[in-house]
Amino acid sequence: MTNWKVILGIAKTHLITKMKSTTTASLGVTFGIGAYITLVSFMTGLNGMLDDLVINQTPHIHLYNEIEPSEQQPIALHEEFENALNVVHSIKPKQSQKKIHNALPILNYLKETGNVKGATPQLRAQIFYLSGSIELGGNLVGVDIMEEVRLSNIQDYIIQGTPEALKNNNSGILLGSGLANKMSLSTGDRIQVSTIKGDIFPLKIVGIYQSGIADIDNIQSFTNLKTVQQILGEAENYVTDINVKLNDITEAATMSRRLERQFKVKAIDINEANAQFETGSNIRNLITYAVSITLLIVAGFGIYNILNMLIYEKMKDIAILKATGFSGTDVQLIFMSQAMIIGAIGGILGLVVGYGLTRLIDNVAFETEALPTITTYPINYNIMYYIIGISFALISTFIAGYLPSSKAKRIDPVQIIRGT
Amino acid sequence: MSIVLEAKNINKYFKKPVLFHVLKNLNFKVKTGEFASIMGKSGSGKSTLLYILSTMDTDYEGQLFLNEELVTGKPNTLLSRIRNKHIGFVFQFHYLLSEFSVLENVMLPAKKLGVKSHSEIEYDAMEKLKMLKIDQLAKKRASRISGGEKQRVAIARALINNPSVLMGDEPTGNLDSYNAENVFQIFKQLKEDQGLSLLVVTHDIDFAKRTDRIIQMEDGQIINQ
Ligand SMILES: Nc1ncnc2c1ncn2[C@@H]1O[C@H](COP(=O)(O)OP(=O)(O)OP(=O)(O)O)[C@@H](O)[C@H]1O
Ligand SMILES: [Mg+2]
């Protein structure tokens, strides 16, 4: 039978009379948990921001037509060479168009498939930007701008002008910010583009696009799909890329394999495209947990030491308690509850400190060209981290308290009483 | 007359530093309401015996009965409970929890027993303190009272659960003659008024002579009882 009121009463008295050690031990835990909350909220906030940067700009599935050599060479069709070792030198891909052969049926099919949030056609063309005497090579991407707005956060990256302005102007262009700088152009100005074949088209700048990634902003601009088709002199079904957004991103891989087989196109899913990105996130998580666990181990040793000292000082008390009828388990519970009280107080304080620090960081200005919508450091407020934090505190103090308190449980009162 | 405490063929050995047969086949009984004292030279094994009788030391051979029930071989938690409920122990050195008040020290075993309510326990504790004439110290920290006062607080604590037997290991050992006499009178009164059984180790021959019976020990044996 455990009489918690008595046990907690004794534990409380011990803690209060040893206020200094209690405070030191609690602050150790506070420090560990506070650091954990701050680090994990900040690191995952950063991860989330960088993920957004990539995920929002990357389609869940990207369909395109890759120019590559056929896997089956004509010789393989001949039965007579079936068992022979065939050596074919200098294989070259068959001349093929970049366009997706049956783009419109694919688009219609995708729009009717469940789990697809949307599919947008794109037409990428190699062109030259001409302004005065300057001639710069680059890409012109023809898009269905309103669908892009619905499915990605492209409007966040349009730093001048609006998507509607592009939609309403058949010869409008959203010029890459790097290009605009190089050619000293701004919204309202005119620019000419020239195809590889040499045809020249005038376009009106209706906005400036800035992804924050210089390599893109220096070469890429957006315009309406139809405009690019006209510039290239191609039909309305001429599309080089289809970007698919899904409702459930976890199905991206299986779906992309299926589309690849079904339509004989190349399909890349988001995980394939960003494999290296995951690594960065994992390393940041690793650092967070390594630092937090180190701090908690230090705090744990602090508690272990303080309890050990306390038990050493309280040998006589333990002997008296045992002599007057408290069992070994009661004594262990007295010291365990001290550890747990230290863990709980320190842990909760740690959560508060962590929350305060993250609030502080959250308000620190952080501006970057890559992320036009972000003005302060990103913080991920997730209740889960607070639950993990407090569990962390309780578990580590439990472990730190367990050994000394087991020792107290085993103390032989006769030995202590004799010893005096 | 019923028997409150009975020891049958008690043997104890210390194995370290060398094998030492400290208690040699002890047999004796304490009747209910009896005030017995144990005397013997230093090193004759009196304290060792008392620790066994109080159930704190379980490393012995033989059998121990409390209220005619065998306690030898019972699990530790049960022994704790027996100590809590049936045995009051007063040490030679007044062992009190120094961070607690006098009253809290006295109340603690009753709180552990958990039978009575807090206010009942407090009332009982105050009664015991009054009986020992130290009720005015109730709120003081246990570390801030004199040795004789501490000894009486320890007696009050030993009595709080109205035990079957009160054991004392030289309870007057480091008291002046005035306080020693006072403690003796308290014991005698408890025996007479409440029929408490007492077993007290003492070196004080005047103290022992006035008890009901003297158990004389020598070299781990009872030579006279
Ligand atoms: N832990 C121990 N290990 C080995 N021998 C011990 C131990 N404790 C006591 N002894 C020995 O056992 C004998 C009995 O000791 P005990 O304390 O019972 O004596 P005592 O009769 O109470 O003496 P005193 O009157 O001085 O208190 C002594 O010879 C002592 O040296
Ligand atoms: Mg002794």
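Reader: How many residue pairs are in polar contact across the interface of chain B and chain A?
Author: The rule finds seven residue pairs in polar contact across the interface of chain B and chain A, with both residues of a pair at pLDDT 80 or more. Please keep in mind that this is a predicted model.

Reader: Which elements of chain B are on the side that touches chain A?
Author: The elements that give two or more residues to that side are α1, α2 (76-86) and α3 (102-113) of chain B.

Reader: And by class, what is on that side of chain B?
Author: The side of chain B that touches chain A has twelve nonpolar, five polar and seven charged residues.

Reader: What about salt bridges between chain B and chain A?
Author: The count between these chains is two. In one salt bridge between them, the side chains of K112(B) and D330(A) meet at 2.6 Å, N to O.

Reader: How many residues does each chain bring to the contact?
Author: Chain B brings 24 residues and chain A brings 26 residues.

Reader: How much area do chain B and chain A bury between them?
Author: The two chains bury about 2,400 Å² between them, and 65% of that is on carbon and sulfur atoms. On the side of chain B, Y95(B), E99(B) and K112(B) supply 31% of the area buried against chain A, more than any other three residues. K112(B) is also the residue whose side chain meets that of D330(A) in a salt bridge.

Reader: Let us turn to the ligand. Where does ligand 1 lie?
Author: Ligand 1 lies between chains A and B. There are 15 residues around ligand 1, and S42(B), G43(B), K46(B), S47(B) and T48(B) come nearest.

Reader: Which elements of chain B supply at least two residues of the shell?
Author: They are β2 (20-31) and α1 (46-53) of chain B. The most comes from α1(B), which gives three residues to the shell around ligand 1. Helix α1 of chain B is also among the elements that give two or more residues to the side touching chain A.

Reader: What is the make-up of the shell by class?
Author: The shell around ligand 1 has three nonpolar, seven polar and five charged residues.

Reader: Which polar side-chain atoms lie by an oxygen atom of ligand 1?
Author: One belongs to S42(B), where a polar side-chain atom lies 2.5 Å from an oxygen atom of the ligand. Another belongs to S47(B), at 2.7 Å from an oxygen atom of ligand 1. With S44(B) the backbone is involved, as a backbone N or O atom lies 3.3 Å from an oxygen atom of ligand 1.

Reader: How much of ligand 1 does the protein cover?
Author: The protein covers 67% of the 640 Å² of accessible area that ligand 1 has on its own.

Reader: Back to salt bridges: what is the count over all chains?
Author: The count over all chains comes to 15. Among them is the pair D241(A) and R124(A), whose side chains meet at 3.6 Å, N to O.

Reader: What does the pair D241(A) and R124(A) tie together?
Author: D241(A) lies in strand β9 (residues 241-246) of chain A and R124(A) in strand β2 (residues 116-131) of chain A, so the pair ties together parts that are 117 residues apart in sequence.

Reader: Last topic, the backbone. Which peptide bond of chain B is cis?
Author: The bond from K16(B) to P17(B) is cis, with omega near -5°. P17(B) lies in the loop between β1 (3-14) and β2 of chain B.

Reader: And what is phi of E68(B)?
Author: Phi of E68(B) is near 65°, a positive value in a residue other than glycine. E68(B) lies in the loop between β4 (61-66) and β5 (69-70) of chain B. Most residues other than glycine have a negative phi, and most peptide bonds are trans.

Technical notes: Residues are numbered from 1 along each chain as its sequence is written. Chains are lettered from A and ligands numbered from 1 in the order in which they are written. This is a predicted model: local features need pLDDT of at least 70, side-chain atom pairs count only at pLDDT 80 or more; totals for chains, interfaces and linings use all residues. Side-chain values use heavy atoms; hydrogens and water are left out. A residue is near a molecule or strand if one of its heavy atoms lies within 4 Å of it. A polar contact is a pair of N or O atoms within 3.5 Å; within protein, one must be able to donate a hydrogen and the other to accept it, and residues adjacent in sequence count only if both atoms are side-chain atoms. Accessible areas come from the Shrake-Rupley method with a 1.4 Å probe; for residues, only the protein chains shown count as cover. Helices (H or I, at least four residues) and strands (E, at least two) are DSSP runs, numbered from the N terminus. Ala, Val, Leu, Ile, Met, Phe, Trp, Tyr, Cys and Pro count as nonpolar, Asp, Glu, Lys and Arg as charged, and the others, Gly among them, as polar. Contact means heavy atoms within 4.5 Å. Buried area is the accessible area (1.4 Å probe) that two parts lose on being put together, summed over both. A salt bridge is a side-chain nitrogen of Lys or Arg within 4 Å of a carboxyl oxygen of Asp or Glu.
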